[in-house]
Amino acid sequence: MKKIPQAKAKKETRITPNNIAIENKHEKVLFSFEAVEKNEYFNLDGTCQNWAADLFDTMQKVSGIELKDIYAGKYSGKTSPFRIHRHEDAKPPCKLPPNILLEDMWQIRISISKGGIHGIFSDNIFYVIWFDPQHNLYPDKNHGGLKKVIPPSTCCKDRDIELEQLKEKIDRLQQDCEFWEAYAQKKEET
């Protein structure tokens with residue numbers, strides 16, 4: 001197995017597709033999460049484990065694509081499973097991170113119904129900036145329109161509530177059992 005390269009941010013203040021070195025166009029896509037930004041529209045809160053699994057499956061498949069094919073538009077069509085395309089016409093619901101311009105951003109689709117990830121390329125590294133399971137960069141009535149992400153209070157809250165309810169049920173059943181055992185014992189004595 002080849003050594004996994006470490007992603008390093010460029011020193012330019014603006015990372016654009018023009019910064020890509022010609023010799024790197026045959027390299028395959030790598031992912032970096034150094035630039036991830038979470039906000040009320042772009043976040044992973046509220047996603048299910050299936051979304052995360054699909055995200056990693058997509059990233060694994062995209063990691064096998066040569067950068068030259070992405071820049072040639074081979075994966076940009078609506079019928080492409082990844083629909084890797086630039087964002088020149090999008091209208092973000094929030095401010096872009098510093099030093100990032102909309103025309104430099106790209107989307108990699110997770111699936112038609114599961115949104116995508118948005119980021120920038122520097123050489124063959126895709127710096128993920130936003131996770132978009134709600135389709136908020138391109139809000140669509142078919143997907144519920146623009147939605148703010150509502151974070152759960154904890155990732156285990158539902159489990160904790162269920163455990164507490166089960167404990168209460170066990171306590172009630174134990175009390176019922178003790179009552180009926182005492183009742184049966186009194187019946188035997190009389």
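1. H135 sits in the loop between β5 (125-132) and α3 (157-189). Helices (H or I, at least four residues) and strands (E, at least two) are DSSP runs, numbered from the N terminus. The model is predicted: local features need pLDDT of at least 70, side-chain atom pairs count only at pLDDT 80 or more, and totals for chains, interfaces and linings use all residues. Residues are numbered from 1 along each chain as its sequence is written, and side-chain values use heavy atoms, with hydrogens and water left out.

2. Is H135 buried or exposed? H135 is buried, at 13% relative accessible area. Buried means under 20% relative accessible area, exposed over 50%, and partly exposed in between (1.4 Å probe, protein chains only). A polar atom of the H135 side chain lies 3.2 Å from the backbone nitrogen of G115.

3. Aromatic pairs come to 11. Rings of Phe, Tyr and Trp (its six-membered ring) pair if their centres lie within 6.5 Å; planes under 30 degrees apart count as stacked, over 60 as edge-to-face and the rest as tilted. One of the pairs is Y71 with W106, which is edge-to-face: 5.3 Å centre to centre, with 65° between the planes. Y71 belongs to helix α2 (residues 67-71) and W106 to strand β3 (residues 106-109), so this pair ties together parts that are 35 residues apart in sequence. Y71 is partly exposed at 25% relative accessible area. W106 is buried at 4%.

4. F179 and Y183 give a stacked pair, 6.4 Å centre to centre and 15° between the planes. Both residues lie in helix α3, four residues apart, about one turn of the helix. Y183 counts as partly exposed, at 41% relative accessibility.

5. Which residues form one aromatic cluster? The members are F31, Y71, W106, F121 and F126.

6. The whole structure holds four salt bridges. A salt bridge is a side-chain nitrogen of Lys or Arg within 4 Å of a carboxyl oxygen of Asp or Glu. Side chains of opposite charge can pair when their charged atoms come close.

7. K68 takes part in a salt bridge with E66, where the closest N and O atoms are 3.4 Å apart. K68 also bridges to D69, with the closest N and O atoms 3.3 Å apart. How accessible is each? E66 is partly exposed, at 23% relative accessible area. K68 is partly exposed too, at 31%. D69 is buried, at 16%.

8. In helix α3, D171 and K167 are four residues apart, about one helical turn. The two form a salt bridge, with the closest N and O atoms 3.5 Å apart. D171 is partly exposed, with a relative accessible area of 32%. K167 is partly exposed, at 47%.

Definitions and conventions. Polar contact = N/O pair within 3.5 Å; in protein donor to acceptor, adjacent residues only side chain to side chain.
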